[in-house]
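Trainee: Could you walk me through how to read the side-chain contacts of a protein model?
Mentor: Gladly; let us look together.

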Amino acid sequence: MPYRARTGGDRLTIEEFERLPDEECRLELVRGVVVREPPAGFEHGRRASRIDYHLRRYVEEHGLGEVCGAETGFILSTDPPTVRAPDAAFVAAARIPPGGVQGYFPGAPDLAAEVVSPSNSASEIQAKVFDYLDAGARLVWVVYPETRTVAVHRTRAEARFLTEADELDGGDVLPGFRLAVARLFAD
């Protein structure tokens with residue numbers, strides 16, 4: 001389970017969160033509370049890297065926007081202050097201002113991908129999915145290495161589960177993107 005740290009019982013603002021010193025683990029700000037997650041294990045990192053690779057290749061070939069890795073924070077809410085960092089994310093070119101973005105991206109990615117770690121609980125994953133969707137993400141992929149499945153979320157009420165026999169697609173977020181789920185789990 002991720003470690004949750006509170007600063008003197010107070011909740012942090014996004015500005016205070018941005019000023020925290022660098023740490024050896026990923027930090028997120030969830031409703032004003034700092035959440036520390038241990039570094040990803042090898043299998044987690046391998047799955048996240050595969051998603052990033054396939055997304056990046058497709059997005060760059062088609063000039064669709066930017067793909068960001070797990071170190072990128074997205075401001076999902078200012079009240080309560082919430083900054084999440086998905087394992088991989090896509091932001092459409094039309095949403096990126098000229099000159100880029102300084103600091104955390106202001107809003108949800110168009111697509112957020114999360115790889116479930118052994119330390120994640122079902123409720124934590126569901127909260128992440130809802131945070132992304134509520135902030136405007138149009139597509140959320142949740143990769144479950146243990147069951148070798150991927151959950152595809154477009155709304156709070158819609159989840160589709162894919163197995164290794166299925167193909168992951170980008171829908172209207174990344175038209176034409178297709179990836180065999182089995183490629184995420186190939187050894």
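**Reading side-chain contacts**

Mentor: Let us begin with charges: a search of the whole structure gives 13 salt bridges, each being a side-chain nitrogen of Lys or Arg within 4 Å of a carboxyl oxygen of Asp or Glu. This is a predicted model, so local features need pLDDT of at least 70 and side-chain atom pairs count only at pLDDT 80 or more, while totals for chains, interfaces and linings use all residues. Residues are numbered from 1 along each chain as its sequence is written, and side-chain values use heavy atoms, with hydrogens and water left out.

Trainee: Which residue forms a salt bridge with Arg46?
Mentor: The general idea is that side chains of opposite charge can pair when their charged atoms come close. Here Arg46 meets Glu43, at 3.1 Å from N to O. The two are three residues apart in helix H2, and are therefore separated by about one helical turn. Helices (H or I, at least four residues) and strands (E, at least two) are DSSP runs, numbered from the N terminus. Glu43 is partly exposed, at 35% relative accessibility; buried means under 20% relative accessible area, exposed over 50%, and partly exposed in between (1.4 Å probe, protein chains only).

Trainee: Which parts of the chain does the salt bridge of Arg95 and Asp110 link?
Mentor: Their side chains meet at 3.1 Å, N to O. This pair links distant parts of the chain, 15 residues apart: Arg95 is in the loop between strand S7 (88-92) and strand S8 (105-106), and Asp110 is in the loop between S8 and strand S9 (111-115). Arg95 is partly exposed at 32% relative accessible area, whereas Asp110 is buried at 5%.

Trainee: How do I read a pair of aromatic rings?
Mentor: A pair of aromatic rings is described by the distance of the centres and the angle of the planes. Rings of Phe, Tyr and Trp (its six-membered ring) pair if their centres lie within 6.5 Å; planes under 30 degrees apart count as stacked, over 60 as edge-to-face and the rest as tilted. By this rule there are four aromatic pairs. In one of them, the rings of Tyr58 and Phe177 have centres 5.5 Å apart and planes at 80 degrees, so the pair is edge-to-face. Tyr58 lies in helix H2 (residues 42-62) and Phe177 in strand S14 (residues 174-180), so the pair ties together parts that are 119 residues apart in sequence.

Trainee: Are the rings of Trp141 and Phe177 stacked or edge-to-face?
Mentor: With centres 5.8 Å apart and planes at 25 degrees, that pair is stacked. Trp141 is in strand S10 (residues 139-144), 36 residues from Phe177 in strand S14. Both Trp141 and Phe177 are buried, and Tyr58, Trp141 and Phe177 form one aromatic cluster.

Trainee: What about nonpolar side chains?
Mentor: In soluble globular proteins, nonpolar side chains tend to be buried together. A nonpolar core is a set of buried Ala, Val, Leu, Ile, Met, Phe, Trp, Tyr and Cys residues joined through side-chain atoms within 4.5 Å. The largest one here has 26 residues, and those with the most contacts inside it are Ile51, Leu55, Trp141 and Val150. H2 gives the largest share of this core, five residues. Apart from it lies another core, of 17 residues, including Cys68, Ala89, Ile125 and Tyr132.
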